[in-house]
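Me: Hi! Could you walk me through this model's strands and helices?

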Amino acid sequence: MQKGRLKLYAAAGIAAMLVFTLFFVFRPEEMDTVRVVKGEVSSGVEEDGYVQPLEDRNFYATQTARITELPVEAGDGVSRGQVLINMANPDLDVILAETRAYWRQSEKSRDGYEAAAASLRLLLVDERRNLERYRKLFEAGALSRTEMEQSSLRVERYAKDLIEAEARLASVSALSMGLQQQVLELERKHAELTLISPIDGYVLELPVKKEQVVMAGEFLVALGVKDEMEIRSDVLSDSLGGVRVGSRVRITAPILGDFAQEGHVQKIYPLAEEKVSPLGVAQRRVPVIIAFPVSELLKPGYEVRVFIETSRREDTLILPVESVRTEDGVRKVFRVEEGRIGVAKVRTGITDRRMVEILEGLEEGDKVVRDASLDPREGKRVRTSN
(Lines give C-alpha, C1' and ligand atoms only; values in the text may rest on other atoms or scores of the structure.)
Protein backbone atom coordinates (compact mmCIF):
# COMPACT_ATOMS: atom_id res chain seq x y z
CA MET A 1 0.00 0.00 0.00
CA GLN A 2 2.78 2.36 0.95
CA LYS A 3 4.70 1.50 -2.21
CA GLY A 4 1.62 2.31 -4.29
CA ARG A 5 1.36 5.69 -2.70
CA LEU A 6 5.02 6.40 -3.36
CA LYS A 7 4.57 5.51 -7.01
CA LEU A 8 1.52 7.73 -7.20
CA TYR A 9 3.45 10.66 -5.68
CA ALA A 10 6.35 10.08 -8.05
CA ALA A 11 4.05 10.01 -11.05
CA ALA A 12 2.34 13.21 -9.89
CA GLY A 13 5.73 14.91 -9.48
CA ILE A 14 6.86 13.85 -12.90
CA ALA A 15 3.60 15.07 -14.40
CA ALA A 16 3.97 18.41 -12.63
CA MET A 17 7.52 18.81 -13.88
CA LEU A 18 6.39 17.91 -17.39
CA VAL A 19 3.59 20.47 -17.27
CA PHE A 20 5.99 23.08 -15.86
CA THR A 21 8.53 22.34 -18.60
CA LEU A 22 5.95 22.42 -21.36
CA PHE A 23 4.62 25.73 -20.01
CA PHE A 24 7.98 27.42 -20.28
CA VAL A 25 8.95 25.74 -23.54
CA PHE A 26 5.77 26.58 -25.38
CA ARG A 27 4.90 29.81 -23.56
CA PRO A 28 4.82 32.72 -26.05
CA GLU A 29 7.90 34.95 -25.71
CA GLU A 30 7.30 38.66 -25.31
CA MET A 31 8.71 40.68 -28.19
CA ASP A 32 9.05 44.42 -28.70
CA THR A 33 7.38 45.26 -31.99
CA VAL A 34 6.62 48.27 -34.16
CA ARG A 35 4.01 48.90 -36.83
CA VAL A 36 4.61 49.97 -40.37
CA VAL A 37 3.38 53.55 -40.63
CA LYS A 38 3.28 56.27 -43.22
CA GLY A 39 5.58 59.22 -42.70
CA GLU A 40 8.50 61.05 -44.19
CA VAL A 41 12.11 60.00 -44.52
CA SER A 42 15.15 61.60 -46.09
CA SER A 43 18.62 60.58 -47.16
CA GLY A 44 21.67 62.73 -47.18
CA VAL A 45 25.21 63.41 -46.11
CA GLU A 46 26.26 63.32 -42.48
CA GLU A 47 29.38 65.16 -41.40
CA ASP A 48 30.97 67.00 -38.50
CA GLY A 49 30.79 70.77 -38.41
CA TYR A 50 31.62 73.64 -36.13
CA VAL A 51 29.93 76.89 -35.22
CA GLN A 52 31.60 80.10 -36.31
CA PRO A 53 30.63 83.79 -36.35
CA LEU A 54 28.73 84.87 -39.44
CA GLU A 55 31.20 87.72 -39.67
CA ASP A 56 34.34 88.15 -37.62
CA ARG A 57 36.61 91.15 -37.38
CA ASN A 58 40.34 90.67 -36.86
CA PHE A 59 42.43 93.61 -35.71
CA TYR A 60 46.19 94.01 -36.01
CA ALA A 61 48.74 96.45 -34.63
CA THR A 62 49.55 99.27 -37.05
CA GLN A 63 52.80 100.22 -35.28
CA THR A 64 55.20 99.13 -32.60
CA ALA A 65 53.60 99.94 -29.25
CA ARG A 66 53.25 98.84 -25.64
CA ILE A 67 49.87 97.69 -24.33
CA THR A 68 48.91 99.77 -21.31
CA GLU A 69 45.30 98.71 -20.71
CA LEU A 70 43.13 95.68 -21.51
CA PRO A 71 39.63 96.49 -20.24
CA VAL A 72 38.09 93.37 -21.87
CA GLU A 73 38.72 89.63 -21.85
CA ALA A 74 38.07 86.80 -24.29
CA GLY A 75 34.37 85.92 -24.22
CA ASP A 76 33.22 89.36 -23.08
CA GLY A 77 30.36 91.06 -24.86
CA VAL A 78 31.23 94.49 -26.25
CA SER A 79 29.26 97.39 -27.69
CA ARG A 80 30.01 99.75 -30.54
CA GLY A 81 32.43 102.47 -29.38
CA GLN A 82 33.76 100.52 -26.40
CA VAL A 83 37.53 100.62 -25.77
CA LEU A 84 39.18 97.24 -26.33
CA ILE A 85 42.90 98.03 -25.99
CA ASN A 86 44.94 101.07 -25.01
CA MET A 87 48.54 101.28 -26.23
CA ALA A 88 51.45 103.71 -25.90
CA ASN A 89 54.21 104.73 -28.33
CA PRO A 90 56.63 107.23 -26.68
CA ASP A 91 58.56 107.82 -29.91
CA LEU A 92 55.35 108.79 -31.67
CA ASP A 93 54.47 111.17 -28.81
CA VAL A 94 57.83 112.95 -29.17
CA ILE A 95 57.57 113.26 -32.95
CA LEU A 96 53.99 114.51 -32.68
CA ALA A 97 54.93 117.15 -30.10
CA GLU A 98 57.88 118.39 -32.19
CA THR A 99 55.85 118.51 -35.38
CA ARG A 100 53.08 120.42 -33.66
CA ALA A 101 55.66 122.97 -32.41
CA TYR A 102 57.11 123.40 -35.92
CA TRP A 103 53.63 123.79 -37.32
CA ARG A 104 52.70 126.49 -34.78
CA GLN A 105 55.96 128.31 -35.54
CA SER A 106 55.31 128.15 -39.27
CA GLU A 107 51.79 129.49 -38.69
CA LYS A 108 53.24 132.49 -36.85
CA SER A 109 55.78 133.08 -39.63
CA ARG A 110 53.03 132.86 -42.22
CA ASP A 111 50.96 135.40 -40.31
CA GLY A 112 53.99 137.74 -40.22
CA TYR A 113 54.71 137.39 -43.94
CA GLU A 114 51.03 137.82 -44.73
CA ALA A 115 50.95 141.09 -42.72
CA ALA A 116 54.13 142.35 -44.42
CA ALA A 117 52.73 141.56 -47.86
CA ALA A 118 49.47 143.31 -47.02
CA SER A 119 51.39 146.39 -45.85
CA LEU A 120 53.49 146.46 -49.03
CA ARG A 121 50.34 146.19 -51.14
CA LEU A 122 48.93 149.30 -49.44
CA LEU A 123 52.22 151.21 -49.85
CA LEU A 124 52.40 150.23 -53.52
CA VAL A 125 48.81 151.39 -54.17
CA ASP A 126 49.45 154.73 -52.43
CA GLU A 127 52.74 155.31 -54.21
CA ARG A 128 51.21 154.55 -57.61
CA ARG A 129 48.54 157.16 -56.90
CA ASN A 130 51.28 159.63 -55.89
CA LEU A 131 53.22 158.85 -59.05
CA GLU A 132 50.13 159.57 -61.20
CA ARG A 133 49.58 162.88 -59.39
CA TYR A 134 53.27 163.83 -59.68
CA ARG A 135 53.17 163.11 -63.42
CA LYS A 136 50.28 165.55 -63.91
CA LEU A 137 52.03 168.22 -61.79
CA PHE A 138 55.26 167.69 -63.77
CA GLU A 139 53.39 168.09 -67.06
CA ALA A 140 51.86 171.28 -65.67
CA GLY A 141 55.31 172.51 -64.68
CA ALA A 142 54.49 172.53 -60.96
CA LEU A 143 56.90 169.69 -60.06
CA SER A 144 60.47 168.89 -60.87
CA ARG A 145 61.55 165.81 -62.78
CA THR A 146 63.66 164.65 -59.83
CA GLU A 147 60.68 164.46 -57.48
CA MET A 148 58.66 162.51 -60.08
CA GLU A 149 61.55 160.06 -60.67
CA GLN A 150 61.94 159.49 -56.93
CA SER A 151 58.27 158.50 -56.72
CA SER A 152 58.74 156.15 -59.67
CA LEU A 153 61.71 154.50 -57.93
CA ARG A 154 59.64 154.00 -54.78
CA VAL A 155 56.93 152.26 -56.85
CA GLU A 156 59.52 149.92 -58.35
CA ARG A 157 61.02 149.16 -54.93
CA TYR A 158 57.62 148.49 -53.33
CA ALA A 159 56.65 146.20 -56.24
CA LYS A 160 59.92 144.25 -55.92
CA ASP A 161 59.55 143.98 -52.15
CA LEU A 162 55.94 142.77 -52.58
CA ILE A 163 57.03 140.02 -54.98
CA GLU A 164 59.65 138.83 -52.52
CA ALA A 165 57.19 139.01 -49.61
CA GLU A 166 54.58 137.02 -51.53
CA ALA A 167 57.20 134.42 -52.46
CA ARG A 168 58.21 134.04 -48.82
CA LEU A 169 54.51 133.87 -47.86
CA ALA A 170 53.85 131.14 -50.44
CA SER A 171 56.87 129.18 -49.21
CA VAL A 172 55.98 129.38 -45.54
CA SER A 173 52.30 128.62 -46.36
CA ALA A 174 53.36 125.46 -48.21
CA LEU A 175 55.58 124.51 -45.25
CA SER A 176 52.73 125.15 -42.81
CA MET A 177 50.31 123.08 -44.90
CA GLY A 178 52.79 120.23 -45.09
CA LEU A 179 53.38 120.33 -41.35
CA GLN A 180 49.61 120.39 -40.79
CA GLN A 181 49.22 117.24 -42.88
CA GLN A 182 52.02 115.60 -40.91
CA VAL A 183 50.31 116.53 -37.65
CA LEU A 184 47.00 115.11 -38.88
CA GLU A 185 48.71 111.88 -39.98
CA LEU A 186 50.55 111.56 -36.67
CA GLU A 187 47.31 112.26 -34.76
CA ARG A 188 45.63 109.53 -36.80
CA LYS A 189 48.41 107.12 -35.87
CA HIS A 190 48.13 108.24 -32.26
CA ALA A 191 44.37 107.57 -32.33
CA GLU A 192 45.13 104.02 -33.54
CA LEU A 193 46.80 103.40 -30.16
CA THR A 194 43.27 103.21 -28.73
CA LEU A 195 41.45 100.29 -30.32
CA ILE A 196 37.68 100.82 -30.25
CA SER A 197 35.02 98.24 -31.14
CA PRO A 198 33.20 99.15 -34.37
CA ILE A 199 30.37 96.67 -33.69
CA ASP A 200 28.10 95.19 -31.07
CA GLY A 201 29.47 91.71 -30.52
CA TYR A 202 31.82 89.66 -28.35
CA VAL A 203 35.53 89.01 -28.01
CA LEU A 204 36.52 85.78 -29.77
CA GLU A 205 40.29 85.93 -29.24
CA LEU A 206 42.56 88.19 -27.24
CA PRO A 207 46.08 86.74 -27.37
CA VAL A 208 47.93 89.81 -26.05
CA LYS A 209 48.67 90.82 -22.46
CA LYS A 210 49.10 94.06 -20.56
CA GLU A 211 52.60 95.61 -20.84
CA GLN A 212 53.32 93.45 -23.88
CA VAL A 213 55.19 95.17 -26.72
CA VAL A 214 53.57 94.41 -30.06
CA MET A 215 55.03 94.92 -33.51
CA ALA A 216 53.31 96.35 -36.57
CA GLY A 217 51.11 93.66 -38.15
CA GLU A 218 50.81 91.60 -34.96
CA PHE A 219 47.35 90.11 -34.25
CA LEU A 220 45.58 91.88 -31.38
CA VAL A 221 41.95 90.79 -31.08
CA ALA A 222 39.12 89.08 -32.97
CA LEU A 223 35.49 90.13 -32.58
CA GLY A 224 32.34 88.26 -33.54
CA VAL A 225 29.08 89.93 -34.54
CA LYS A 226 26.44 89.60 -31.85
CA ASP A 227 23.66 87.03 -32.48
CA GLU A 228 24.97 86.11 -35.93
CA MET A 229 26.45 82.64 -36.38
CA GLU A 230 26.78 79.93 -39.00
CA ILE A 231 28.08 76.38 -39.25
CA ARG A 232 30.94 75.28 -41.46
CA SER A 233 31.20 71.65 -42.48
CA ASP A 234 33.92 70.26 -44.74
CA VAL A 235 32.10 67.69 -46.88
CA LEU A 236 33.84 64.99 -48.92
CA SER A 237 33.77 66.05 -52.56
CA ASP A 238 32.48 62.58 -53.55
CA SER A 239 29.42 63.09 -51.31
CA LEU A 240 28.34 66.45 -52.71
CA GLY A 241 26.24 65.06 -55.57
CA GLY A 242 22.84 65.91 -54.12
CA VAL A 243 23.83 68.85 -51.93
CA ARG A 244 22.41 72.18 -53.14
CA VAL A 245 22.13 75.70 -51.81
CA GLY A 246 18.89 75.65 -49.82
CA SER A 247 19.13 71.94 -48.89
CA ARG A 248 17.60 71.22 -45.49
CA VAL A 249 20.00 70.42 -42.67
CA ARG A 250 19.41 68.72 -39.33
CA ILE A 251 21.85 69.84 -36.63
CA THR A 252 22.57 67.75 -33.54
CA ALA A 253 25.07 68.04 -30.70
CA PRO A 254 25.45 66.59 -27.20
CA ILE A 255 24.72 70.01 -25.73
CA LEU A 256 21.36 70.06 -27.56
CA GLY A 257 20.31 66.73 -26.06
CA ASP A 258 17.48 65.09 -28.02
CA PHE A 259 16.61 68.35 -29.70
CA ALA A 260 17.69 68.76 -33.34
CA GLN A 261 17.91 72.20 -34.87
CA GLU A 262 16.90 72.83 -38.45
CA GLY A 263 18.99 74.84 -40.89
CA HIS A 264 19.74 75.08 -44.59
CA VAL A 265 22.78 75.20 -46.86
CA GLN A 266 23.72 78.84 -47.36
CA LYS A 267 26.86 78.51 -49.48
CA ILE A 268 28.96 75.84 -51.17
CA TYR A 269 32.55 76.83 -51.82
CA PRO A 270 33.67 76.42 -55.44
CA LEU A 271 37.05 74.92 -54.53
CA ALA A 272 37.86 71.69 -52.72
CA GLU A 273 40.61 71.72 -50.11
CA GLU A 274 42.91 68.87 -49.20
CA LYS A 275 42.37 67.76 -45.60
CA VAL A 276 44.06 64.97 -43.67
CA SER A 277 41.66 62.73 -41.75
CA PRO A 278 42.35 61.60 -38.15
CA LEU A 279 43.56 58.34 -39.68
CA GLY A 280 46.13 60.22 -41.76
CA VAL A 281 44.30 59.85 -45.09
CA ALA A 282 44.42 62.82 -47.47
CA GLN A 283 40.91 63.73 -48.62
CA ARG A 284 39.41 66.37 -50.89
CA ARG A 285 36.75 68.27 -48.96
CA VAL A 286 34.53 71.20 -49.89
CA PRO A 287 33.56 73.80 -47.27
CA VAL A 288 29.78 74.10 -46.91
CA ILE A 289 28.24 76.97 -44.94
CA ILE A 290 24.99 76.26 -43.09
CA ALA A 291 22.61 78.94 -41.83
CA PHE A 292 20.56 78.20 -38.72
CA PRO A 293 18.50 80.11 -36.14
CA VAL A 294 20.56 81.62 -33.36
CA SER A 295 20.77 79.32 -30.34
CA GLU A 296 21.81 80.29 -26.84
CA LEU A 297 23.32 76.81 -26.42
CA LEU A 298 25.58 76.82 -29.47
CA LYS A 299 28.59 79.12 -29.25
CA PRO A 300 31.46 79.84 -31.69
CA GLY A 301 33.85 76.90 -31.84
CA TYR A 302 31.31 74.28 -30.69
CA GLU A 303 31.36 71.02 -32.66
CA VAL A 304 28.10 69.72 -34.09
CA ARG A 305 26.87 66.91 -36.33
CA VAL A 306 25.03 67.92 -39.48
CA PHE A 307 22.79 65.84 -41.72
CA ILE A 308 22.44 67.53 -45.13
CA GLU A 309 19.33 66.27 -46.85
CA THR A 310 19.77 65.23 -50.49
CA SER A 311 16.38 63.54 -51.09
CA ARG A 312 13.06 63.25 -49.25
CA ARG A 313 9.99 61.00 -49.38
CA GLU A 314 6.71 62.03 -47.82
CA ASP A 315 3.62 59.91 -47.05
CA THR A 316 5.59 56.73 -47.57
CA LEU A 317 5.84 53.50 -45.55
CA ILE A 318 8.66 53.61 -43.00
CA LEU A 319 10.25 51.46 -40.31
CA PRO A 320 13.14 51.96 -37.89
CA VAL A 321 16.39 50.92 -39.55
CA GLU A 322 17.05 48.31 -36.84
CA SER A 323 13.87 46.47 -37.85
CA VAL A 324 15.36 45.47 -41.22
CA ARG A 325 17.93 42.68 -41.48
CA THR A 326 20.23 42.10 -44.49
CA GLU A 327 21.47 38.63 -45.34
CA ASP A 328 23.30 37.79 -48.59
CA GLY A 329 22.05 41.01 -50.12
CA VAL A 330 18.42 40.21 -49.26
CA ARG A 331 16.55 42.44 -46.84
CA LYS A 332 13.93 40.99 -44.59
CA VAL A 333 11.87 41.70 -41.51
CA PHE A 334 10.29 39.46 -38.89
CA ARG A 335 6.58 40.06 -39.22
CA VAL A 336 4.21 39.04 -36.43
CA GLU A 337 0.93 37.48 -37.64
CA GLU A 338 -1.59 35.80 -35.34
CA GLY A 339 0.98 35.63 -32.56
CA ARG A 340 3.67 33.89 -34.61
CA ILE A 341 6.90 35.04 -36.25
CA GLY A 342 7.03 35.08 -40.02
CA VAL A 343 9.78 36.24 -42.37
CA ALA A 344 8.93 38.83 -45.02
CA LYS A 345 11.31 39.95 -47.73
CA VAL A 346 11.21 43.70 -48.34
CA ARG A 347 12.57 46.21 -50.81
CA THR A 348 13.80 49.39 -49.21
CA GLY A 349 14.30 52.93 -50.45
CA ILE A 350 16.12 55.84 -48.90
CA THR A 351 17.16 56.11 -45.25
CA ASP A 352 18.24 58.79 -42.85
CA ARG A 353 19.94 56.25 -40.55
CA ARG A 354 16.97 56.39 -38.19
CA MET A 355 14.10 55.38 -40.44
CA VAL A 356 14.07 53.45 -43.70
CA GLU A 357 11.58 53.60 -46.55
CA ILE A 358 9.70 50.36 -47.33
CA LEU A 359 8.85 50.06 -51.03
CA GLU A 360 7.61 46.47 -51.20
CA GLY A 361 6.83 43.53 -48.91
CA LEU A 362 4.77 45.20 -46.17
CA GLU A 363 1.52 47.08 -45.75
CA GLU A 364 0.61 49.94 -43.50
CA GLY A 365 -0.22 48.64 -40.03
CA ASP A 366 1.84 45.44 -40.30
CA LYS A 367 3.56 44.52 -37.06
CA VAL A 368 7.25 43.57 -37.10
CA VAL A 369 9.92 42.82 -34.51
CA ARG A 370 11.67 46.08 -33.63
CA ASP A 371 15.18 44.61 -33.33
CA ALA A 372 15.84 42.29 -36.27
CA SER A 373 19.27 41.39 -34.89
CA LEU A 374 17.53 39.13 -32.33
CA ASP A 375 16.90 36.68 -35.20
CA PRO A 376 13.77 35.00 -33.76
CA ARG A 377 12.85 31.54 -35.05
CA GLU A 378 10.25 31.48 -37.82
CA GLY A 379 6.93 30.18 -36.53
CA LYS A 380 7.79 31.01 -32.94
CA ARG A 381 4.85 32.11 -30.78
CA VAL A 382 5.25 35.57 -29.36
CA ARG A 383 3.36 38.05 -27.25
CA THR A 384 3.46 41.74 -28.10
CA SER A 385 2.52 44.84 -26.19
CA ASN A 386 0.98 46.71 -29.12
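Predicted model: local features only at pLDDT ≥ 70, side-chain atom pairs only at ≥ 80, totals over all residues.

Me: Which residue in β14 does Ile251 stand opposite?
Reply: Ile251 stands opposite Gln261 in β14. Residues are numbered from 1 along each chain as its sequence is written, and side-chain values use heavy atoms, with hydrogens and water left out.

Me: Thanks! How many bridges join β13 and β14?
Reply: There are 4 bridges, and β13 and β14 (residues 261–268) pair in the antiparallel sense. Two strands pair if DSSP finds at least two bridges between them. Strands are DSSP runs of E with at least two residues, helices are runs of H or I with at least four, and numbering starts from the N terminus.

Me: And which residue in β17 is opposite Ile251?
Reply: That one is Val306. In total 4 bridges join β13 (residues 248–252) to β17, and the two run antiparallel.

Me: What else does β17 pair with?
Reply: Its partners include β3 (residues 37–53), joined to β17 (residues 303–320) by 13 bridges in an antiparallel arrangement. Ser43 stands opposite Ser311 there. β17 also pairs with β22 (residues 355–360) in the antiparallel sense over 3 bridges, with Leu319 opposite Val356.

Me: Switching topic: what's the strand order in the open sheet?
Reply: The open sheet has 4 strands in the order β4-β11-β9-β6, with antiparallel pairing. β4 (56–60) and β6 (77–78) stand at the edges with a single partner strand each, so one side of each is left without a neighbour in the sheet.

Me: How many bridges join β6 to β9?
Reply: 2 bridges join β6 to β9 (residues 201–205), running antiparallel. Gly77 has Tyr202 as its bridge partner in β9.

Me: Now helices! At what angle do α2 and α3 pack?
Reply: Helix α2 (residues 90–139) and helix α3 (residues 145–191) pack at about 160°, with their axes 6 Å apart. That makes α2 roughly antiparallel to α3 (angles under 35 degrees count as roughly parallel, over 145 as roughly antiparallel, 65 to 115 as roughly perpendicular and the rest as oblique). Axes are lines fitted to C-alpha atoms, for helices over the stretch in contact, and angles run from 0 to 180 degrees between N-to-C directions.

Me: Left-handed or right-handed crossing?
Reply: The crossing of α2 and α3 is left-handed, meaning the near helix is turned anticlockwise from the far one by less than a right angle.
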